[in-house]
Amino acid sequence: MTVKKVLVCDDSITELTHIKSIVEGAGYLTVTASSGIEALSRAKSEQPDLIFLDIIMPEMDGFEACRKLRQDPATKHIPVIFVTSKHQKADRVWAQMQGAKDFISKPYSPNQIIEKLDAA
């Protein structure tokens with residue numbers, strides 16, 4: 001699969017802007033969301049090729065958003081990569097159980113983001 005459009009979701013405007021600039025700098029179209037609820041809506045309407053999703057967010061955390069993305073026939077095919085400050089082994093296992101394709105711990109390097117884009 002060739003990644004062309006990426007949805008970036010983080011409730012921190014700083015993180016959202018940083019990841020967006022890395023993704024766009026690598027030549028990808030970027031769509032953003034600042035909550036799990038908004039991520040579900042944007043994923044459905046924009047049909048991105050990949051989603052970078054934070055875990056710790058108000059209203060709906062990334063784990064719940066990932067579960068809902070997997071359950072929806074319109075979005076279940078979109079790979080989700082968590083980008084989060086949660087970095088315990090249990091977090092990684094739980095992320096996989098929710099349907100995530102991969103996991104990046106904060107702080108991350110731009111190369112880690114780009115490597116995930118290239119591998120998708």
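A salt bridge here is a side-chain nitrogen of Lys or Arg within 4 Å of a carboxyl oxygen of Asp or Glu. Keep that cut-off handy for the first stop, and remember throughout that you are looking at a predicted model.

**Stop 1: E46 and K5**

Select E46 and K5 and show their side chains. The two form a salt bridge, with their closest N and O atoms 3.3 Å apart. E46 belongs to helix α2 and K5 to strand β1, so this pair ties together parts that lie 41 residues apart in sequence. E46 is partly exposed because its relative accessibility is 27%, while K5, at 18%, counts as buried.

**Stop 2: the buried side of α2**

Stay with helix α2, residues 36–46, and pick out G36, A39, L40 and A43, which are buried. Their arc around the axis is only 100°, which puts them on the same side of α2.

**Stop 3: two positive phi values**

Step off the end of α2 to Q47, which follows the helix and sits in the loop between α2 and β3. Its phi is positive, about 50°, although Q47 is not a glycine. Most residues other than glycine have a negative phi. With a relative accessible area of 32%, Q47 is partly exposed.

Next, go to E59, in the loop between β3 and α3. Here too phi is positive, near 70°, in a residue other than glycine. Is E59 buried or exposed? At 70% relative accessibility, E59 counts as exposed.

**Stop 4**

Select T84 in strand β4, which covers residues 80–84. T84 counts as buried because its relative accessibility is 0%. Leaving aside residues up to four places away in sequence, T84 touches D54, I55, F103, I104, S105 and K106. A polar atom of the T84 side chain also lies 3.1 Å from the backbone nitrogen of K86.

Follow that contact to K86, whose side chain meets that of D91 in a salt bridge (3.5 Å, N to O). K86 is partly exposed at 27% relative accessibility, whereas D91 is buried, with a relative accessible area of 12%.

**Stop 5**

V93 lies in helix α4, residues 89–97, and counts as partly exposed at 37% relative accessibility.

**Stop 6**

Select D102 and K116, which form a salt bridge with their closest N and O atoms 2.8 Å apart. This pair links distant parts of the chain, with D102 in strand β5 and K116 in helix α5, 14 residues apart. D102 is partly exposed, with a relative accessible area of 29%, and K116 is partly exposed at 22%.

Between β5 (102–105) and α5 (110–119) runs a loop that holds P107. Zoom in on the peptide bond joining K106 and P107: it is cis, with omega about -5°. Most peptide bonds are trans.

**Before you close the viewer**

Conventions. Residues numbered from 1 in each chain as written. Predicted model: local features only at pLDDT ≥ 70, side-chain atom pairs only at ≥ 80, totals over all residues. Heavy atoms only, no water. Helix = DSSP H or I, 4+ residues; strand = E, 2+ residues; numbered from the N terminus. Buried < 20%, exposed > 50% of the residue type's maximum accessible area, 1.4 Å probe, protein only. Polar contact = N/O pair within 3.5 Å; in protein donor to acceptor, adjacent residues only side chain to side chain. Contact = heavy atoms within 4.5 Å. Arc of directions from axis to C-beta.
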